[in-house]
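Student: Can we go through a model together? I'd like to see how the labels follow from the values.

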Amino acid sequence: MAKRKIFIKTIGLLLLVTGLLSLFLVFAEFTSFYAFSEGSKFHYDGFGFGSLMFAFIVSNVMAYFTIAASCIPLGIGNLALKKWGLNLSLAFLRTILIIGATIIISFLFSFDLIKILEPYQTLIILAFLLIFSIGLPFVLVKFYLNPKSERLFENSDFDNYFEKQSPEKLTIILL
């Protein structure tokens, strides 16, 4: 039980650090807008709403914020070993499984992309997708659903919305 508890808290710490770093990168990425605006070092004509660089910066900000908004509560829930942390972790991992399966299916049916890539590149991409979007989340779901792991997570002292919801409902909300 002690090893299991340390492993869960390590996962929580990694998620929290990842989320906080990602939150920092949101603000750091916002400062890059000024580097491309008029009169700055990297300015080019046409930078603004609708340009490719503007879209790239905005998409990075959205990705970093999504990572921060996901990882910070998951990290806190795992570090505190609260029941809502277990429910959110299971919902998040199942969401990754569903999205990962759809990405793999989309990749396999994108015949034009597979024609462009070399066979070894296709295998590397598939292996990466299978490991990180199917294999790892599947193993972690099994780990969290283990009765020994479930006993480590305790109910919080106050009435919490996420403790009342099943991980299946939370997965649908996340999707």
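Predicted model: local features only at pLDDT ≥ 70, side-chain atom pairs only at ≥ 80, totals over all residues.

Student: What is the mean pLDDT of the protein chain?

Tutor: It's 86, with 91% of the residues at 70 or more; pLDDT is the predictor's confidence in each residue, from 0 to 100. Helix 5 comes out highest at 93, and helix 7 (residues 161–164) lowest at a mean of 70.

Student: Why is helix 1 called roughly antiparallel to helix 2?

Tutor: The axes of helix 1 (residues 2–36) and helix 2 (residues 52–80) cross at roughly 155° and come within 7 Å. Roughly antiparallel means over 145 degrees, so helix 1 gets that label against helix 2. Their crossing is left-handed, meaning the near helix is turned anticlockwise from the far one by less than a right angle.

Student: What makes helix 3 roughly antiparallel to helix 5?

Tutor: Helix 3 (residues 83–108) packs on helix 5 (residues 119–145) at about 155°, with the axes 9 Å apart. That angle makes helix 3 roughly antiparallel to helix 5.

Student: Which hand does the crossing of helix 3 and helix 5 have?

Tutor: Helix 3 passes helix 5 in a left-handed crossing.

Methods: Residues numbered from 1 in each chain as written. Heavy atoms only, no water. Axes fitted to C-alpha atoms, helices over the stretch in contact; angles between N-to-C directions. Helix = DSSP H or I, 4+ residues; strand = E, 2+ residues; numbered from the N terminus. Parallel < 35°, antiparallel > 145°, perpendicular 65-115°, else oblique.
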